[in-house]
There are 2 protein chains.
Amino acid sequence: MTHAQPSIQILHAKWLITCEEKNQILEKHALVIQNDKILAILPSDEATHRYPTALHQHYPSHAILPGFINSHTHIAMNIFRGFADDLELMDWLSNYIWPAEGKWVSHELVYDASQLAIAEMIRCGTTCFNDMYFFLGATAEAAEEAGIRAHIGMHIIDVPTAWARTTEEYFSKAIEFYEAYKNHPLITPTLAPHSTYTVSMENLKRVKELAQQYHLKINIHLQEVPYEIERSMAVYNKRPLQCLHDLGMVTPDLIAIHMTQLDQQDLAILQEMKPHIVHCPESNMKLASGACPVEQLNQLGINVALGTDSAASNNDLDMMGEMRSAALLGKLVAKDPKAVSAETTLKMATLHGARALGIERYTGSLTPGKAADCIPINLNRIETQPLYHPLSHIVYAASCHQVTDVWVAGKQLLKNRQLLTLDKSKLIKKAKTWRNKIKK
Amino acid sequence: MTHAQPSIQILHAKWLITCEEKNQILEKHALVIQNDKILAILPSDEATHRYPTALHQHYPSHAILPGFINSHTHIAMNIFRGFADDLELMDWLSNYIWPAEGKWVSHELVYDASQLAIAEMIRCGTTCFNDMYFFLGATAEAAEEAGIRAHIGMHIIDVPTAWARTTEEYFSKAIEFYEAYKNHPLITPTLAPHSTYTVSMENLKRVKELAQQYHLKINIHLQEVPYEIERSMAVYNKRPLQCLHDLGMVTPDLIAIHMTQLDQQDLAILQEMKPHIVHCPESNMKLASGACPVEQLNQLGINVALGTDSAASNNDLDMMGEMRSAALLGKLVAKDPKAVSAETTLKMATLHGARALGIERYTGSLTPGKAADCIPINLNRIETQPLYHPLSHIVYAASCHQVTDVWVAGKQLLKNRQLLTLDKSKLIKKAKTWRNKIKK
């Protein structure tokens, strides 16, 4: 039987790397895409034979894999990329980032900065990001227009900002945003209380109730730096994770970000309650926060996803670089070169991200029925030759410049390194205009 | 007065980053190159006026800096890039690398692999590398033909290999190589005893005598992994650094590679004797060896250079990625985000590399009179916008794909990302041929 739907696109690749839990590397296979979904995975010859009139595209030196899921970021902060580096966290925040944000953050800035960041992410093979910032509508709008999948964290913090002055306003804006986007195919609202040191227990309880009412994931920065533990012990006489546990918030709907400071008691809670953890190795290193013990968590069966954090503390949104850093740092921390293998790392950036975000049923791997969120990576480069194992090169040797194309939900966003839904020159021009204002 | 030498090339840049000890970032300046040397650094307008008939090239969105110096590598091992990963060091060496080397390493393989590696290094802005491997002539020949600056370590190891069967043969081949290249403008012979656990004290003493006789630098892997210390204590009842110190080898002519395992006694020796240290953060992380305490060494006034190690344990030869890893890891290890700043890191990859290799007088910074070894980096990219500080972006945000051109000793080796002295397609083809042989 042959098919002749014009809505079918077929991507033929040297390798398909499925990133399913039992990962497969299929040689000379094709990904059959119908509308927004993966219809089938077939040997190339068979796909050619079965779909003679479909649009066939050939990636003869490429590995096709699911797009990357950046499980923690604040994309609009890339307008402050390189604004201030090599500083103590509190000095950096108090004397550089917060004053600049206080002065400049607006719907307009967040929209422009989000577009710039989305352009960078698409160029690096990211098909979904999990954000946390202010002026949510601006980021959602930019994501929707660009065609990228976005989880937008509805920020709650006990500090007045240009976005909201009071706790009431934070909550009412969150609900308003939720109502606007609750059924959107690409945008998913989530809750994002900043941390246990910037949100009171009372307000965290309210976040939990809201999450239950609307079935929302909760993102929170947790145990990122030693200071957080010290403060929590001084104020509550318990560690931040224990505070959340006592509120009943530590569940599989919790996305705990950073987690560089863990003791045995923390590990026991994590193992029992199974929240998801997002590891941000480059930001943690750059801010000298500490290192999440990824191998240990994996061995305890705790799901660990990967995020870049913002470009203000990274200073990029490149998930391929982040994978490499995660694999390298993971081995050093575990004192074991077998730890955090290439395959584990690739899954942290794909399937395990989808699992953390609660979207594993429709993205995160190349599986028929899931969304066609996928990227070809060209491995026929000086930098990735000779080639013994494509997966090794993707994690340890390739760079995001080798991502040639990007599809999200069957729609192509990058073609032969050219952005199809964003205007690169215009974005660079806008970035320069903001830079000139902020630099003053 | 105006000049009209046709041998003058003038590179105009948005920024010149000199990388001198007192680093300068000069806006809208020009690098005036005469033959193989930097003749002058002038404001762009002045250079235009003074040299009306010279060849003017404009880099309006670029920073021009000295080329990178990769202070430790085994370039030909890139033929084994990704051959085996995620393994214990001794398992990796004994069961994968050494058998493959034993079977395949030859003049022909080293020549082909060196060409491939040099192509990668040039594409990443490296203008000088400090190597250590077998079949020295093959690497020297490849470097000479490609026009890159190379320090070739004359390997000494108490193990028979395809290169030399006996200690006598290692030494005689070293002397032969030295005689052939002692006056070469681009190739510098150095001594490279493998380590204190693979070379006897007697042979190390001989290395030292040879170094003194011919005024050669000595490269050695030193205190890379805990095992090395344990073995040295068991065999000699002293640490490897102390062994070398007792032989009188710890001097400013010693290049100690790795140094991840340091105690107070080691630091005292280093501070007194001032050898140079090469930090290889990515290899050390990937093999879970440990981390060199760069900030502490810098504070003691000990010179630390940067190297990638081989692509078999990295898995690339990219000095820009290595800088970023060095800065990030340096902060984490020092528990201080101010540690190993962007500027310090850039110097580790340029001037401090030249200092370690003993060639600071003629390369490593943009200084009139030094060799014209320089690279423009285009910062007008999505990934490096907005731009507040060019130096921050070079270390923390840019990638080597933004290196547009490369000059070594005034000769252009890369032009708008195209290799001028090597044939990319031919190299990839050769890499594939070797891969097919080795994979069997």
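1. Asn315(B) sits in the loop that runs between strand S12 (304-306) and helix H12 (319-334) of chain B. Helices here are DSSP runs of H or I with at least four residues, strands are runs of E with at least two, and both are numbered from the N terminus. The peptide bond joining Asn314(B) and Asn315(B) is cis, with omega about 5 degrees. In chain A, the bond from Asn314(A) to Asn315(A) is also cis, and its omega is near 10 degrees. Asn315(A) lies in the loop between strand S12 (304-306) and H12 of chain A.

2. This is a predicted model, in which local features need pLDDT of at least 70 and side-chain atom pairs count only at pLDDT 80 or more, while totals for chains, interfaces and linings use all residues. Residues are numbered from 1 along each chain as its sequence is written, and chains are lettered from A and ligands numbered from 1 in the order in which they are written.

3. Another backbone point concerns Ala288(B), whose phi is positive, near 55 degrees, although the residue is not glycine. Ala288(B) belongs to the loop between helix H10 (281-286) and helix H11 (294-299) of chain B. Most residues other than glycine have a negative phi, and most peptide bonds are trans.

4. Overall dimensions of chain A. The chain holds 16 helices and 16 strands. Its C-alpha atoms fill a box of roughly 65 × 45 × 45 Å along the principal axes.

5. Domains of chain A. The assignment gives domain 1 (8-66 + 372-409) and domain 2 (71-357); such bounds come from an automatic or database domain assignment. The centres of the two domains, taken over C-alpha atoms, are 30 Å apart. Domain 1 of chain A puts 20 residues into the contact and domain 2 of chain A puts in 22, where contact means that the C-beta atoms of two residues, placed from the backbone, lie within 7 Å. On the domain 1 side, strand S4 (55-66), H15 and strand S14 (406-408) of chain A each give two or more residues. H15(A) gives the most to that side, with 5 residues. The domain 1 side divides into 14 nonpolar, 3 polar and 3 charged residues. For these classes, Ala, Val, Leu, Ile, Met, Phe, Trp, Tyr, Cys and Pro count as nonpolar, Asp, Glu, Lys and Arg as charged, and the others, Gly among them, as polar.

6. What does chain A contribute to the contact with chain B? In the contact between the chains, 54 residues of chain A meet 54 residues of chain B. Helices H3 (107-123), H10 (281-286), H12 (319-334), H15 (390-396) and H16 (424-439) of chain A each supply at least two residues to the chain A side. H16(A) gives the most, with 8 residues. By class, the chain A side has 26 nonpolar, 10 polar and 18 charged residues.

7. H3 and H16 in chain A. Two packed helices are described by the angle between their axes and the distance between the axes. The axes of H3(A) and H16(A) cross at roughly 135 degrees and come within 10 Å. Axes are lines fitted to C-alpha atoms, for helices over the stretch in contact, and angles run from 0 to 180 degrees between N-to-C directions. That angle makes H3(A) oblique to H16(A); under 35 degrees counts as roughly parallel, over 145 as roughly antiparallel, 65 to 115 as roughly perpendicular and the rest as oblique. The crossing of H3(A) and H16(A) is left-handed, meaning that the near helix is turned anticlockwise from the far one by less than a right angle, clockwise being right-handed. Among the residues of H3(A) that meet H16(A) are Leu109(A) and Leu116(A), and Trp434(A) is one of those on H16(A).

8. H3 and H16 in chain B. H3(B) and H16(B) pack at about 135 degrees with their axes 10 Å apart, and the crossing is left-handed. Their contact includes Asp112(B) of H3(B) and Lys430(B) of H16(B), and it divides into 6 nonpolar, 1 polar and 3 charged residues.
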